Amino acid sequence: MIEHVAIIGGGFSGSLAAINLVRHDGPRATLVDRQADAGIGLAYGAAHPTHLLNVRASNMSAFPDDPAHFVRWLETQGHAATGHTFVPRLVYGTYLRSVLDRVAADHPDRLQIVQAEAVDVIHGAGVRVVLRDGAQIKADAAILAVGNLPPPTPGGLDLDGLPPGRYAGNCWDAAATDGLGPDDTVFILGTGLTMVDVVLLLDAKGFAGRIVALSRRGLLPHAHAAPGAPFVPIKERPAPILSERVRALRTRGAEIGWRGAIDELRPFTQDIWRAASAEERSRFIRHARPWWDIHRHRLAPDVASRIDALRDAGRLELIAGKVARVEPTPDGLSVGFRPRGASEEQRLEVQRIINCTGPQGDLRRTSEPVLNRLTMRGAIRPDAAGLGIDVDDQMRVVADDGAPNDRLFALGPMTRGAFWEIVAVPDIRTQAWTLARRLSNAHWVAEGL
């Protein structure tokens, strides 16, 4: 019987798991996080006031069974926001922390928050979470909710060996965007949502120099738009075969607009992914993923307008290509890159490189201690696509021998190999809610939290 659950990671995934265990009158929870601001996480705690959510407030409730919870909270806090508003991420972080704090205060015997770093999980009849200082937390089960891991250094480049201050491997470190002059050039690896955040942060800090962002295809996330004409969404799961799905998506996009065609797939995306073969998943990741990402994960309209303005002013340039070499110079760095489709290498003099290539998913390359030790012992393994932790449909981690573990679970972006669509709040909140109900043997949800 599971009476106590240890949750490793106090970001959105871990906090919602803990909160829902209390809501479902389930096992008591101990939430372990190395940061003091559990409940906020990197996505909302490291944000700048100018960073907005990429999802409208109406779809950002922490609870799938109470979709208006966040909008009601905004009203109680006096925020002039509606369900259609793209709220600052710092405000959302305050919301998450307030929910966690209230549950912890109202149920001190059910939820404990521990500021510490978990470095290992020993499991058998129960589990023991080993902390950095050697202390251990005994529980009946544990949940890995580590969130997005820092991006890996691009293969073949010795960026970590560059002179201090020239390469920022952690784009959320304040030093990554500080200390730049008005005539400097910043080179960003990646052109996705993280790049957008860093560009806006540089602009907010007054950086007036040039920004060059490079990725293999140079694609920029599209923007949300005002709601279009109403349409009747599809009722059944589309065919999982990639080629058929692409054709159907194009046809449907011509009928109702591409945003509607993407959005109506939301209820079916995880099922489509699970029904696809390993070969089909691999083909999707190789050939279609970049286009899916820029259509599916969109920018708030105000953010898209600011990025467009920076590009129009010549302050931001996007390049499709690949970095070939990086060499120190007396004044900075010389970056050699090959534009997509070109045979000759071009060079660019920059003062700093910032890595925005996206989160690490390969367990064999991570430096996260708890994941590293569990992987080396064979207690967890990479999923077949190399996107994160292999789990079954009940979120149980799968060991090297292929057996699921009834005492060790995983939540959030690191389970993308099993669920694919598991990086946005609407999907993660449902996953955390579902796991908490399962661990609680719940058939109802208490009200009033």
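1. Two strands count as paired if DSSP finds at least two bridges between them. Strands here are DSSP runs of E with at least two residues, and helices are runs of H or I with at least four, numbered from the N terminus. The model is a predicted one: local features need pLDDT of at least 70, side-chain atom pairs count only at pLDDT 80 or more, and totals for chains, interfaces and linings use all residues. Residues are numbered from 1 along each chain as its sequence is written, and side-chain values use heavy atoms, with hydrogens and water left out.

2. Three strands make an open, antiparallel sheet in the order β4-β5-β6. Its edge strands, β4 (118-123) and β6 (136-139), each pair on one side only. On average, neighbouring strands of this sheet are turned by 20° against each other, direction ignored. Four bridges join β5 (residues 127-131) to β6 in the antiparallel sense, and valine 129 stands opposite isoleucine 137 in β6.

3. A second open sheet has seven strands, in the order β8-β14-β9-β10-β11-β12-β13, with mixed pairing. Valine 186 stands opposite isoleucine 211 in β10. Helix α5 (residues 193-204) packs on this sheet and touches β9, β10, β11 (316-329) and β14 (352-355); its direction makes about 160° with that of β9.

4. Helices α3 (residues 69-76) and α4 (residues 89-106) pack at about 100°, with axes 11 Å apart. Axes are lines fitted to C-alpha atoms, for helices over the stretch in contact, and angles run from 0 to 180 degrees between N-to-C directions. The two helices are therefore roughly perpendicular (65 to 115 degrees). Contact (heavy atoms within 4.5 Å) involves His69, Phe70, Trp73 and Leu74 of α3, and Val91, Tyr92, Thr94, Tyr95, Ser98 and Val99 of α4. Seven of these residues are nonpolar, three polar and none charged. Nonpolar means Ala, Val, Leu, Ile, Met, Phe, Trp, Tyr, Cys and Pro; charged means Asp, Glu, Lys and Arg; the others, Gly among them, are polar.

5. Helix α13 (residues 425-440) has 16 residues, which at 1.5 Å a residue should span 22 Å; its end C-alpha atoms are 22 Å apart, so the two agree. The expected span is 1.5 Å times one less than the number of residues. Twelve of the 16 residues are buried (under 20% relative accessible area, with a 1.4 Å probe and protein chains only), among them Asp427, Arg429 and Trp433. Just after α13, asparagine 441 takes a positive phi of about 50°.

Key. Parallel < 35°, antiparallel > 145°, perpendicular 65-115°, else oblique. Buried < 20%, exposed > 50% of the residue type's maximum accessible area, 1.4 Å probe, protein only.
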